[in-house]
Each structure stands twice: as structure tokens, then as C-alpha cells.
Amino acid sequence: MKIAIVGCGAMGSIYAARLAEAGHQVRAVDMWTEHVAAINAGGLRVDGPSGTLLSRQVEAMEDLSRAGPCDLYILATKAAGVEPAARAIAATMPEHALVLTIQNGLGAGERIARHLPADRVLLGVAEGFGAAMVGPGHARHTAMKLIRLGAMTGGDDPRLEQVAGIWRSGGFEVETFADIDRLIWEKLLCNVTLSAPCTAFGCNVADLRADPERWAVALGCMAEAYAIGRARGVAFSFDDPVAYVTAFAERVGTAKPSMLQDHEAGRRSELEAINGAIPPLGAALGIPTPYNDTLCAVIRAREAAFEGERT
Ligand SMILES: NC(=O)C1=CN([C@@H]2O[C@H](COP(=O)(O)OP(=O)(O)OC[C@H]3O[C@@H](n4cnc5c(N)ncnc54)[C@H](OP(=O)(O)O)[C@@H]3O)[C@@H](O)[C@H]2O)C=CC1
Ligand SMILES: CC(C)(CO)C(=O)C(=O)O
């Protein structure tokens, strides 16, 4: 199987190294020149709880057109990279190939479907991963629980089991779902609770959870998203969203959301796909979203300042 990992950052590096070591032909596509050069010179190194994997089988490049036709495209950029990557994939993808996109937040599938037929798109939700880049050619993960897969068009698509088998060959735990939209929304509720609140307060998840005032703001963000999900017909697997996100927060402990890590590095975050996705959906349904409106305003002002757009 020939697989392109488009966006070979923290998560993409784990996928690339493991799938290459399982015997697949892996092409890693990333815009980070030093990372691409390091992979080609010395291999892709991934450290994790079970030790270090150094794969010398990954061929890296900055331009997807150099990868040639692939059977599967795994899109692992952050939210802002999805549409440019989808455009590049659409220009080179053979008729039989599939695109699997794995991002936090909402809207990745819709952005890809502007360039490719929706029946070629699979959606993934990563559960219990904690990954970061250490440097060029070197990623680290502290946890790696489950990849959940579903077809963008829904249902028990037989191609899901084929793609799940590819992941399992790389040692990943995988489950397939007829209703992946539910999983996307359940992960979104957790990210909405933790991402913008930790970023606005400048604290990790455990500190957010331990402070009643901050946690009330976090649950306010979550309650808005939950009301919108319910109004849109999302079939949540629980009736008590507070218990659900509280248990999630307790599991991730002292984790620092990637939104806060992006701010600490002076980078724009995935705000618009996470807390920023909530107010427009609320407005369309007549559901007020004051918690998310407020935190988004704070975070957007900081992000504009990173780029000197506003002080
Ligand atoms: N890291 C984690 O623990 C987890 C992450 N996720 C989700 O997974 C997704 C990926 O996250 P993560 O791996 O951390 O992100 P990273 O920023 O580490 O990796 C994304 C990579 O994609 C590159 N990129 C951006 N645009 C393109 C493009 N058009 N073509 C090729 N490469 C591109 C980026 O380059 P550049 O930096 O130069 O833009 C970067 O190297 C996110 O949606 C995140 O929320 C989910 C669960 C856990
Ligand atoms: C830590 C956590 C769970 C917070 O939403 C996460 O997924 C992230 O880094 O964005």
C-alpha cells in the first residue's frame, strides 16, 4: 500500500514511522524544510512510552506532486492546513484512492469536500494521543490510545475495515463507526471545554479543573456546544455532558492544550475549528453563545497581536 502522510508534524510523524515499519511505502509531505531534510538524511525518530522507533523507510518531501500516485492520503495538518492540502491532493490523487483526515474540531471534511467528492473522504478522531515535535526528524508521544474512523457520507462503508486493517498493521488500536459525526462532536465538547479556557487563563487542564471559577467558565463553553449539538441532531452517547467532560479532564491530568502551546510559541491556534466554530452555529440556531464569544474575542486579539495585525 502506498500512503502519503500530508502534514507530517507531531501526529503525522507517528503515523508515518509506524506505517512505514509495517511495510507500507510511506511518503511524508511537510512544509518544514529542516524536518524533511532530517528524515531523508537520518530517518524519522518517534519516542513513545514503549520505546524509540527509528524508521529509515519514510521518504520525505515538501511537495506532494513528488510523491506520485498513492492509494491512501492521510491528512494530518492542523485545521488551517486542511484546505490547501486537500487542493494539492485533488490535483494528484488517482481515481481509486481515499483521503482520511484526522483533526480536532469541526469542518475538516467540509473543507476537503470543496475539492474532492465526499464519498472519497474518511474522517478520523484521535483519542488519547499526546504528541509533540522534539526537533527536525524527531517526534515524541506520551500516549496513543485509539484511532476512530468513519466515512464522511456515513454508514457501514466496507472501505472502513480495509483502512482500519492498514492502521492495525502499524500497531494502532482502531475502531470504525457508522456515525463518525457523533465522535467528532464528543471530542469537540472536550476540546471546547479545555482549549480556549486553558489558553485564556494560561493554565493546564488540572489547574483549570481545580479552580471553581475557571471550571465554571469551561463548563459554560461546553454547555453552549452541547446545546448546539443536540439541536443539530447529534446522537450523543451520554445524557450528562458535565460528567463526560469532567471525566475526560481528569484523565488528561496536567496536559496543556495545543491551543495554549501554540500561543506560547507565538503561533495562531486551531481556535476557529474549536471554540470559534460554536458562535456561528449558535447564531444560525438562535442559541446564545456568550462564553465562547467572550473567550474567542480574547484569543483572537492575542493571535492578531502575534502577527502585528493589532496591538
Ligand atoms: N498533537 C497531539 O497530541 C494531538 C493532535 N490532534 C490533532 O491532530 C491534528 C494535527 O496536529 P499536530 O500533529 O499536533 O500538528 P503539527 O503542527 O505538529 O503538524 C502539522 C504539520 O502539517 C504541516 N502542514 C501544514 N500545512 C501543510 C500542507 N498544506 N501540506 C503539508 N504539510 C502541511 C505543518 O507545517 P507548518 O508547521 O510549517 O505549518 C506541520 O508540520 C490537529 O488537528 C490536532 O488538533 C489530535 C489529538 C492529539
Ligand atoms: C489536551 C487536550 C485534550 C485539550 O483539549 C487536547 O486534545 C489538545 O491538546 O488540544
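I began with the shell around ligand 2, where helix H6 (residues 180-201) gives the most, with 3 residues. The model is a predicted one, and I read every entry below with that in mind.

**Ligand 2.** I listed the residues that surround ligand 2: Asn104, Asn191, Leu194, Ser195, Phe248, Pro257 and Ser258. I then went through the polar contacts one by one. For Asn191, I found a polar side-chain atom 2.7 Å from an oxygen atom of the ligand. For Ser195, a polar side-chain atom lies 3.3 Å from an oxygen atom of ligand 2. Ser258 takes part through its backbone, with a polar atom 2.9 Å from an oxygen atom of ligand 2. I also looked up the areas: ligand 2 taken alone exposes 280 Å², and the protein buries 86% of that.

**Ligand 1.** I turned to the other ligand and noted that 21 residues surround ligand 1, the closest being Ala10, Met11, Asp30, Ala131 and Glu270. I checked which elements contribute, and H1 and E9 each supply at least two residues of this shell. Two backbone contacts went into the notes. A backbone N or O atom of Ala10 lies 2.9 Å from an oxygen atom of ligand 1, and a backbone N or O atom of Ala131 lies 2.7 Å from an oxygen atom of ligand 1. Glu270 uses its side chain, where an N or O atom is 2.6 Å from an oxygen atom of ligand 1. Taken alone, ligand 1 exposes 900 Å², of which the protein buries 78%.

**Helix H2.** I next asked which residues of helix H2 (residues 33-42) are buried, and found His35, Val36 and Ile39. They sit on the same side of H2, because they cover an arc of only 100° around the axis. I looked for what covers these buried residues, and the list includes helix H1 (10-21) along with strands E3 (44-48), E5 (59-61), E9 (130-135) and E10 (138-143). Past the end of the helix I checked the backbone: H2 is followed by Gly43, whose phi is positive, near 95°.

Last, I consulted the UniProt record, an unreviewed entry, which places the feature "domain: Ketopantoate reductase C-terminal" at residues 179-303. I computed the make-up of residues 179-303 and got 71% helix and 0% strand. The end C-alpha atoms of this stretch are 34 Å apart.

Conventions:
Residues are numbered from 1 along each chain as its sequence is written. Chains are lettered from A and ligands numbered from 1 in the order in which they are written. This is a predicted model: local features need pLDDT of at least 70, side-chain atom pairs count only at pLDDT 80 or more; totals for chains, interfaces and linings use all residues. Side-chain values use heavy atoms; hydrogens and water are left out. Buried means under 20% relative accessible area, exposed over 50%, partly exposed in between (1.4 Å probe, protein chains only). Helices (H or I, at least four residues) and strands (E, at least two) are DSSP runs, numbered from the N terminus. The arc is that of the directions from the helix axis to the C-beta atoms. Contact means heavy atoms within 4.5 Å. UniProt positions are given in the numbering used here, feature names are shortened, and annotations may be inferred rather than shown by experiment. A residue is near a molecule or strand if one of its heavy atoms lies within 4 Å of it. A polar contact is a pair of N or O atoms within 3.5 Å; within protein, one must be able to donate a hydrogen and the other to accept it, and residues adjacent in sequence count only if both atoms are side-chain atoms. Accessible areas come from the Shrake-Rupley method with a 1.4 Å probe; for residues, only the protein chains shown count as cover.
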